[in-house]
Amino acid sequence: MSRTFAPMQEGVVWVADTGLFVACGRQQNNKYAALERFAQRNDLSFVIPQRVYDELGGAPDRSTPGQTPINSAIDAGWVTVADEPDYRNSSVSQVMDDTRTFIAQSSNRPEDQIEKADTALAAVAAERLDAGDVEFACIVTTDIDAGEGIVSALSRNGFDDRVQFKNGFELIEDVT
């Protein structure tokens, strides 16, 4: 690797989970506005898996008439929705399996009870890294087991030193 991982450098995909946006609250909330400013100031777009979009898109549109907060963020350009993962890509499917296993073991739950959105975060990062679209991935989630599991799975599958977990609660605290 020619460069050291620094989340604010070019070539980093920021993959975000539902918990980050739920923790920010409504659009009028200072946390939501601070997250938007952070993304715009740093010229980044949080990438969310389709599953995360579906979770967030089902929320009542309390903030903007006719639109959910996530759609407003997408329209403003600081959030984008990833395509469905290519499950035929062996790197993607292996990272998803490894993430699910890690989370199940660390949380003492059966693998079939692990949220599919958690493994979808891993899939988005794996796909982008595997395709060479980016050099690094920063995973932002409020679920520590998921964040650590994704980093572990990506590292075990050839993406060592190319991924970092950022606790979503800490990010919100840092930007507000």
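Modeller: Quick ground rules: it's a predicted model, so local features need pLDDT of at least 70 and side-chain atom pairs count only at pLDDT 80 or more, while totals for chains, interfaces and linings use all residues. Numbering starts from 1 along each chain as its sequence is written, and side-chain values use heavy atoms, with hydrogens and water left out.

Biologist: What makes up the secondary structure of the chain?

Modeller: There are 8 helices and 5 strands. Helices (H or I, at least four residues) and strands (E, at least two) are DSSP runs, numbered from the N terminus. Read from that end, the order is β-α-α-β-α-α-β-α-α-β-α-β-α.

Biologist: How many of the 176 residues count as buried, as a percentage?

Modeller: The figure is 45%. Buried means under 20% relative accessible area, exposed means over 50%, and partly exposed is in between (1.4 Å probe, protein chains only).

Biologist: Why is Asp43 called exposed?

Modeller: Asp43 has 75% relative accessibility, which is over 50%, so exposed is the label. Asp43 sits in the loop between helix H2 (30–41) and strand E2 (46–48).

Biologist: How many salt bridges does the rule give?

Modeller: The count comes to 3. One of them joins Asp97 and Arg100, at 3.0 Å from N to O. Asp97 and Arg100 both lie in helix H5, 3 residues apart, or about one turn of the helix. Asp97 has 37% relative accessibility and counts as partly exposed, and Arg100 is partly exposed at 22%. Lys166 and Asp174 also pair, at 3.0 Å, with Asp174 exposed at 52%.

Biologist: Why does Asp118 have no salt bridge?

Modeller: The nearest side chain of opposite charge is Arg109, 5.3 Å away, and the rule asks for within 4 Å, so there is no salt bridge. In the charge count, Lys and Arg are positive and Asp and Glu negative; His and the chain ends are left out. Asp118 is buried and belongs to helix H6.

Biologist: What is Asp118 in contact with, leaving aside its neighbours within four places in sequence?

Modeller: Contact means heavy atoms within 4.5 Å. On that basis Asp118 contacts Asp17, Thr99, Ile103, Asp143, Ala146 and Ile150.

Biologist: What makes Glu115 part of a negative surface patch?

Modeller: Patch members need over 30% relative accessible area and no salt bridge; like charges are joined within 9 Å, and nonpolar side chains (Val, Leu, Ile, Met, Phe, Trp, Tyr) within 5 Å. The place of a charge is taken as NZ of Lys, CZ of Arg, CG of Asp or CD of Glu. Glu115 has 43%, so it clears the area cut-off. The patch is formed by Asp54, Glu55, Asp83, Glu84 and Glu115. Glu115 itself is in the loop between helix H5 (90–107) and helix H6 (116–131).

Biologist: Why is Arg51 called partly exposed?

Modeller: Arg51 comes in at 36%, between 20% and 50%, so partly exposed is the label. Arg51 is in helix H3 (residues 50–57). Beyond four places in sequence, Arg51 touches Lys116, Ala117 and Ala120.

Biologist: Which residues does Gly11 touch, not counting those up to four places away in sequence?

Modeller: Those are Val134, Glu135 and Phe136. Gly11 lies in the segment before strand E1 (12–16), and at 28% Gly11 is partly exposed.

Key: Accessible areas come from the Shrake-Rupley method with a 1.4 Å probe; for residues, only the protein chains shown count as cover.
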